[in-house]
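These are my notebook entries on one structure. I record what I looked up, entry by entry.

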Amino acid sequence: MSKPIALSTLLAPWVDISAHEFHDMVISNLELDSRKITEGTTFVAIKGHAVDGRRFVESAINRGANAVIAQSCERHPQGVCSTESRVPVIYIDQLDRNLSALASRLYTLGDMKLVGVTGTNGKTTITQIIAQWLNLVGKRAAVLGTAGNGFLDALQPAVNTTGSAIEIQQTLVSIESQGADFTAMEISSHGLVQGRVKTLPFAAGVFTNLSRDHLDYHGTMEEYELAKRSLFTEHQCGKAIINVDDQVGAKWAEQLPDAIQVSLQPLSSTNAVFASQVDYSESGISLAFSGCFGDGQF
(Lines give C-alpha, C1' and ligand atoms only; values in the text may rest on other atoms or scores of the structure.)
Protein backbone atom coordinates (compact mmCIF):
# COMPACT_ATOMS: atom_id res chain seq x y z
CA MET A 1 0.00 0.00 0.00
CA SER A 2 1.02 3.63 -0.39
CA LYS A 3 1.70 5.10 3.02
CA PRO A 4 2.79 8.75 3.51
CA ILE A 5 6.31 9.00 4.88
CA ALA A 6 8.51 11.73 6.33
CA LEU A 7 11.00 13.19 3.85
CA SER A 8 13.94 12.32 6.11
CA THR A 9 12.76 8.69 6.37
CA LEU A 10 12.24 8.43 2.62
CA LEU A 11 15.78 9.63 1.92
CA ALA A 12 17.51 7.93 4.87
CA PRO A 13 19.46 5.35 2.79
CA TRP A 14 21.14 8.11 0.77
CA VAL A 15 21.30 11.32 2.79
CA ASP A 16 20.73 12.51 6.37
CA ILE A 17 18.51 15.61 6.44
CA SER A 18 17.36 15.22 10.05
CA ALA A 19 18.96 18.56 10.99
CA HIS A 20 16.94 20.51 8.41
CA GLU A 21 13.68 22.21 9.30
CA PHE A 22 11.85 20.41 6.50
CA HIS A 23 12.98 16.91 7.64
CA ASP A 24 9.50 15.90 8.82
CA MET A 25 7.65 17.08 5.70
CA VAL A 26 5.11 14.38 4.73
CA ILE A 27 5.64 12.82 1.29
CA SER A 28 2.66 11.02 -0.23
CA ASN A 29 3.25 11.01 -3.99
CA LEU A 30 6.26 11.07 -6.33
CA GLU A 31 6.27 12.31 -9.93
CA LEU A 32 8.95 12.35 -12.66
CA ASP A 33 7.03 14.52 -15.14
CA SER A 34 6.91 18.17 -14.10
CA ARG A 35 3.80 18.64 -16.23
CA LYS A 36 1.89 16.23 -13.99
CA ILE A 37 2.82 17.95 -10.73
CA THR A 38 -0.13 18.98 -8.57
CA GLU A 39 -0.23 20.69 -5.20
CA GLY A 40 1.68 18.65 -2.63
CA THR A 41 3.37 16.25 -5.10
CA THR A 42 7.12 15.64 -4.76
CA PHE A 43 9.08 16.15 -7.99
CA VAL A 44 11.88 13.68 -8.75
CA ALA A 45 14.34 15.27 -11.17
CA ILE A 46 16.70 12.80 -12.87
CA LYS A 47 19.04 12.97 -15.84
CA GLY A 48 17.21 10.68 -18.22
CA HIS A 49 18.32 9.02 -21.47
CA ALA A 50 16.77 11.79 -23.58
CA VAL A 51 15.63 14.54 -21.17
CA ASP A 52 17.26 16.09 -18.11
CA GLY A 53 14.47 16.55 -15.56
CA ARG A 54 16.58 19.00 -13.56
CA ARG A 55 15.76 21.62 -16.20
CA PHE A 56 12.17 21.61 -14.96
CA VAL A 57 12.66 22.11 -11.21
CA GLU A 58 11.36 25.67 -11.34
CA SER A 59 8.35 24.60 -13.40
CA ALA A 60 7.52 21.83 -10.91
CA ILE A 61 7.74 24.25 -7.99
CA ASN A 62 5.48 26.70 -9.78
CA ARG A 63 2.93 23.91 -10.23
CA GLY A 64 2.87 23.18 -6.50
CA ALA A 65 5.63 20.67 -5.76
CA ASN A 66 6.18 20.44 -2.00
CA ALA A 67 9.79 19.23 -2.42
CA VAL A 68 12.29 18.27 -5.11
CA ILE A 69 14.58 15.24 -5.03
CA ALA A 70 17.20 15.81 -7.72
CA GLN A 71 20.12 13.93 -9.21
CA SER A 72 23.43 15.38 -8.08
CA CYS A 73 25.86 17.12 -10.41
CA GLU A 74 29.17 18.97 -10.20
CA ARG A 75 27.41 22.17 -9.16
CA HIS A 76 25.13 20.38 -6.66
CA PRO A 77 26.96 17.32 -5.26
CA GLN A 78 25.59 14.49 -3.11
CA GLY A 79 23.77 15.59 0.01
CA VAL A 80 23.45 19.29 -0.85
CA CYS A 81 20.14 20.72 0.41
CA SER A 82 18.91 24.07 -0.82
CA THR A 83 15.61 25.88 -1.13
CA GLU A 84 13.98 27.50 -4.13
CA SER A 85 10.92 29.66 -3.46
CA ARG A 86 10.94 28.11 0.05
CA VAL A 87 10.70 24.58 -1.41
CA PRO A 88 13.46 22.14 -0.35
CA VAL A 89 15.66 20.69 -3.09
CA ILE A 90 17.83 17.70 -2.09
CA TYR A 91 20.55 16.29 -4.36
CA ILE A 92 21.42 12.56 -4.45
CA ASP A 93 24.09 10.66 -6.38
CA GLN A 94 22.93 8.26 -9.12
CA LEU A 95 19.29 9.02 -8.43
CA ASP A 96 18.35 7.50 -11.78
CA ARG A 97 19.77 4.16 -10.62
CA ASN A 98 18.09 4.38 -7.21
CA LEU A 99 14.55 5.20 -8.38
CA SER A 100 13.21 1.70 -7.81
CA ALA A 101 14.55 1.66 -4.24
CA LEU A 102 13.23 5.18 -3.61
CA ALA A 103 9.76 4.33 -4.93
CA SER A 104 9.60 1.09 -2.93
CA ARG A 105 10.01 3.05 0.31
CA LEU A 106 6.79 4.96 -0.39
CA TYR A 107 4.78 2.47 -2.47
CA THR A 108 4.91 -0.76 -0.47
CA LEU A 109 3.62 -4.05 -1.87
CA GLY A 110 1.92 -6.64 0.34
CA ASP A 111 1.52 -10.32 -0.56
CA MET A 112 0.77 -9.95 -4.28
CA LYS A 113 3.06 -12.23 -6.32
CA LEU A 114 4.86 -10.98 -9.44
CA VAL A 115 5.80 -12.92 -12.56
CA GLY A 116 8.26 -11.18 -14.88
CA VAL A 117 8.41 -12.08 -18.58
CA THR A 118 11.33 -10.98 -20.76
CA GLY A 119 12.58 -11.79 -24.27
CA THR A 120 12.31 -10.27 -27.73
CA ASN A 121 8.96 -11.74 -28.78
CA GLY A 122 5.96 -13.26 -27.01
CA LYS A 123 5.94 -11.22 -23.81
CA THR A 124 2.43 -9.82 -24.29
CA THR A 125 0.92 -13.21 -25.24
CA ILE A 126 2.53 -14.99 -22.30
CA THR A 127 1.55 -12.41 -19.68
CA GLN A 128 -2.01 -12.42 -20.98
CA ILE A 129 -2.19 -16.24 -20.87
CA ILE A 130 -0.69 -16.35 -17.36
CA ALA A 131 -3.36 -13.93 -16.14
CA GLN A 132 -6.14 -15.85 -17.92
CA TRP A 133 -5.06 -19.18 -16.46
CA LEU A 134 -4.73 -17.75 -12.96
CA ASN A 135 -8.24 -16.31 -13.24
CA LEU A 136 -9.53 -19.73 -14.33
CA VAL A 137 -8.20 -21.33 -11.14
CA GLY A 138 -9.83 -18.73 -8.93
CA LYS A 139 -7.02 -16.21 -8.51
CA ARG A 140 -7.39 -12.52 -9.33
CA ALA A 141 -4.66 -11.64 -11.80
CA ALA A 142 -3.56 -8.52 -13.66
CA VAL A 143 -0.96 -7.61 -16.29
CA LEU A 144 1.51 -4.81 -16.98
CA GLY A 145 2.79 -4.34 -20.51
CA THR A 146 2.34 -3.29 -24.11
CA ALA A 147 -1.40 -4.05 -24.31
CA GLY A 148 -2.11 -2.06 -21.14
CA ASN A 149 -1.97 -2.24 -17.36
CA GLY A 150 -4.53 -3.67 -14.95
CA PHE A 151 -7.11 -6.42 -14.99
CA LEU A 152 -7.83 -8.06 -18.34
CA ASP A 153 -11.37 -6.70 -18.53
CA ALA A 154 -10.31 -3.13 -17.68
CA LEU A 155 -6.85 -2.47 -19.13
CA GLN A 156 -5.50 1.07 -18.94
CA PRO A 157 -3.24 2.30 -21.80
CA ALA A 158 0.51 1.96 -21.26
CA VAL A 159 2.99 4.35 -22.88
CA ASN A 160 5.94 1.92 -22.63
CA THR A 161 6.34 -1.85 -22.29
CA THR A 162 8.00 -1.23 -18.92
CA GLY A 163 7.12 2.10 -17.29
CA SER A 164 9.38 4.16 -15.06
CA ALA A 165 10.36 2.76 -11.67
CA ILE A 166 7.92 5.13 -9.99
CA GLU A 167 5.05 4.36 -12.42
CA ILE A 168 5.56 0.63 -11.94
CA GLN A 169 5.41 0.82 -8.15
CA GLN A 170 2.39 3.15 -8.21
CA THR A 171 0.53 0.87 -10.62
CA LEU A 172 1.31 -2.31 -8.71
CA VAL A 173 0.17 -0.81 -5.41
CA SER A 174 -3.05 0.34 -7.08
CA ILE A 175 -3.66 -3.09 -8.62
CA GLU A 176 -3.03 -4.86 -5.33
CA SER A 177 -5.41 -2.50 -3.53
CA GLN A 178 -8.10 -3.64 -5.99
CA GLY A 179 -7.64 -7.26 -4.92
CA ALA A 180 -5.02 -8.72 -7.26
CA ASP A 181 -3.29 -11.90 -6.08
CA PHE A 182 -0.84 -11.96 -9.00
CA THR A 183 0.49 -9.59 -11.66
CA ALA A 184 2.28 -10.80 -14.80
CA MET A 185 4.67 -8.13 -16.10
CA GLU A 186 6.39 -7.64 -19.42
CA ILE A 187 9.98 -6.53 -18.75
CA SER A 188 11.94 -4.81 -21.49
CA SER A 189 15.72 -4.79 -21.81
CA HIS A 190 15.64 -1.01 -21.29
CA GLY A 191 13.73 -1.50 -18.05
CA LEU A 192 16.28 -4.03 -16.81
CA VAL A 193 19.39 -2.01 -17.73
CA GLN A 194 17.93 1.16 -16.22
CA GLY A 195 17.04 -0.58 -12.96
CA ARG A 196 13.29 0.12 -13.22
CA VAL A 197 12.36 -3.20 -11.55
CA LYS A 198 15.46 -3.58 -9.38
CA THR A 199 13.69 -3.83 -6.02
CA LEU A 200 10.68 -5.88 -7.15
CA PRO A 201 10.52 -9.44 -5.73
CA PHE A 202 9.58 -11.70 -8.66
CA ALA A 203 8.19 -15.08 -7.66
CA ALA A 204 9.20 -16.28 -11.13
CA GLY A 205 10.87 -14.97 -14.26
CA VAL A 206 10.17 -16.24 -17.79
CA PHE A 207 12.50 -16.03 -20.82
CA THR A 208 10.86 -16.35 -24.26
CA ASN A 209 13.56 -15.93 -26.93
CA LEU A 210 16.21 -13.54 -28.25
CA SER A 211 16.52 -12.05 -31.73
CA ARG A 212 17.91 -8.81 -33.15
CA ASP A 213 16.27 -5.77 -31.60
CA HIS A 214 17.09 -2.50 -29.80
CA LEU A 215 20.70 -2.45 -31.05
CA ASP A 216 20.41 1.33 -31.36
CA TYR A 217 20.31 1.34 -27.55
CA HIS A 218 22.42 -1.66 -26.51
CA GLY A 219 25.00 -1.45 -29.31
CA THR A 220 25.65 -5.19 -29.68
CA MET A 221 23.72 -8.44 -29.41
CA GLU A 222 26.03 -9.42 -26.55
CA GLU A 223 24.96 -6.38 -24.51
CA TYR A 224 21.31 -6.96 -25.42
CA GLU A 225 21.59 -10.57 -24.22
CA LEU A 226 23.25 -9.52 -20.96
CA ALA A 227 20.43 -7.05 -20.35
CA LYS A 228 17.79 -9.78 -20.67
CA ARG A 229 19.82 -12.27 -18.63
CA SER A 230 20.11 -9.82 -15.74
CA LEU A 231 16.50 -10.58 -14.74
CA PHE A 232 17.76 -13.98 -13.56
CA THR A 233 21.22 -13.01 -12.30
CA GLU A 234 21.01 -9.43 -10.95
CA HIS A 235 17.38 -9.07 -9.88
CA GLN A 236 15.20 -10.73 -7.25
CA CYS A 237 13.93 -13.70 -9.25
CA GLY A 238 12.64 -16.71 -7.33
CA LYS A 239 12.34 -19.28 -10.12
CA ALA A 240 13.76 -19.02 -13.65
CA ILE A 241 11.63 -20.53 -16.44
CA ILE A 242 13.63 -20.76 -19.66
CA ASN A 243 12.63 -21.62 -23.23
CA VAL A 244 15.44 -23.98 -24.24
CA ASP A 245 14.18 -24.27 -27.83
CA ASP A 246 15.83 -20.87 -28.23
CA GLN A 247 19.60 -21.05 -28.70
CA VAL A 248 20.27 -18.37 -26.09
CA GLY A 249 17.82 -19.99 -23.67
CA ALA A 250 19.59 -23.34 -24.03
CA LYS A 251 22.89 -21.70 -23.15
CA TRP A 252 21.38 -19.92 -20.13
CA ALA A 253 19.85 -23.18 -18.86
CA GLU A 254 23.36 -24.61 -18.53
CA GLN A 255 24.41 -21.53 -16.55
CA LEU A 256 21.30 -21.53 -14.33
CA PRO A 257 21.17 -25.06 -12.89
CA ASP A 258 17.96 -24.45 -10.91
CA ALA A 259 16.03 -23.12 -13.91
CA ILE A 260 12.94 -24.93 -15.18
CA GLN A 261 13.56 -25.82 -18.82
CA VAL A 262 10.60 -25.60 -21.21
CA SER A 263 10.47 -27.16 -24.69
CA LEU A 264 8.19 -28.46 -27.41
CA GLN A 265 10.49 -31.50 -27.55
CA PRO A 266 11.04 -34.25 -24.92
CA LEU A 267 13.69 -33.32 -22.34
CA SER A 268 15.71 -35.63 -20.10
CA SER A 269 16.30 -33.02 -17.39
CA THR A 270 14.55 -33.65 -14.08
CA ASN A 271 13.81 -29.90 -13.91
CA ALA A 272 11.81 -29.55 -17.10
CA VAL A 273 8.36 -29.27 -18.65
CA PHE A 274 7.90 -30.36 -22.27
CA ALA A 275 5.18 -31.00 -24.81
CA SER A 276 4.51 -34.69 -25.38
CA GLN A 277 1.97 -34.08 -28.14
CA VAL A 278 0.70 -31.00 -29.99
CA ASP A 279 -2.32 -31.03 -32.32
CA TYR A 280 -3.38 -27.96 -34.31
CA SER A 281 -6.87 -27.42 -35.71
CA GLU A 282 -9.12 -24.61 -36.86
CA SER A 283 -10.77 -24.61 -33.44
CA GLY A 284 -7.50 -24.25 -31.51
CA ILE A 285 -4.52 -26.17 -30.16
CA SER A 286 -4.54 -29.34 -28.06
CA LEU A 287 -1.34 -29.79 -26.11
CA ALA A 288 -0.29 -32.64 -23.83
CA PHE A 289 2.68 -32.06 -21.54
CA SER A 290 4.91 -33.93 -19.15
CA GLY A 291 7.80 -33.18 -16.82
CA CYS A 292 8.63 -32.32 -13.23
CA PHE A 293 5.04 -31.28 -12.42
CA GLY A 294 3.50 -34.45 -13.82
CA ASP A 295 1.35 -34.93 -16.90
CA GLY A 296 -1.50 -32.78 -18.17
CA GLN A 297 -3.36 -31.47 -21.16
CA PHE A 298 -4.68 -28.14 -22.45
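**Entry 1: Thr 41.** I located Thr 41 in the loop between β3 (30–31) and β4 (42–45); strands are DSSP runs of E with at least two residues, helices are runs of H or I with at least four, and both are numbered from the N terminus. Leaving out residues up to four places away in sequence, I found that Thr 41 touches Asn 29, Leu 30, Glu 31, Gly 64, Ala 65, Asn 66 and Ala 67, where contact means heavy atoms within 4.5 Å.

**Entry 2: basis of the values.** I noted that this is a predicted model, in which local features need pLDDT of at least 70 and side-chain atom pairs count only at pLDDT 80 or more, while totals for chains, interfaces and linings use all residues. Residues are numbered from 1 along each chain as its sequence is written, and side-chain values use heavy atoms, with hydrogens and water left out.

**Entry 3: Leu 134.** I found Leu 134 in helix α4 (residues 123–136). Leu 134 counts as buried because its relative accessibility is 16%. Not counting residues up to four places away in sequence, Leu 134 touches Lys 139, Ala 141 and Phe 182.

**Entry 4: nonpolar cores.** A nonpolar core is a set of buried Ala, Val, Leu, Ile, Met, Phe, Trp, Tyr and Cys residues joined through side-chain atoms within 4.5 Å. The largest has 55 residues, and Leu 11 and Leu 102 have the most contacts inside it. Helix α5 gives the most to this core, with six residues. Leaving aside neighbours within four places in sequence, Leu 11 is in contact with Ile 17, Ile 69, Ile 90, Ile 92 and Leu 102. Another core, of twelve residues, lies apart from the largest one and has Ile 37, Ala 45, Val 68 and Val 89 among its members.

**Entry 5: α3 and α5.** Which residues make the contact between these helices? From α3 (residues 99–106) they are Leu 99, Ser 100, Ala 103 and Ser 104, and from α5 they are Ala 165, Ile 166 and Gln 169.

Notes: Axes are lines fitted to C-alpha atoms, for helices over the stretch in contact, and angles run from 0 to 180 degrees between N-to-C directions. Buried means under 20% relative accessible area, exposed over 50%, partly exposed in between (1.4 Å probe, protein chains only).
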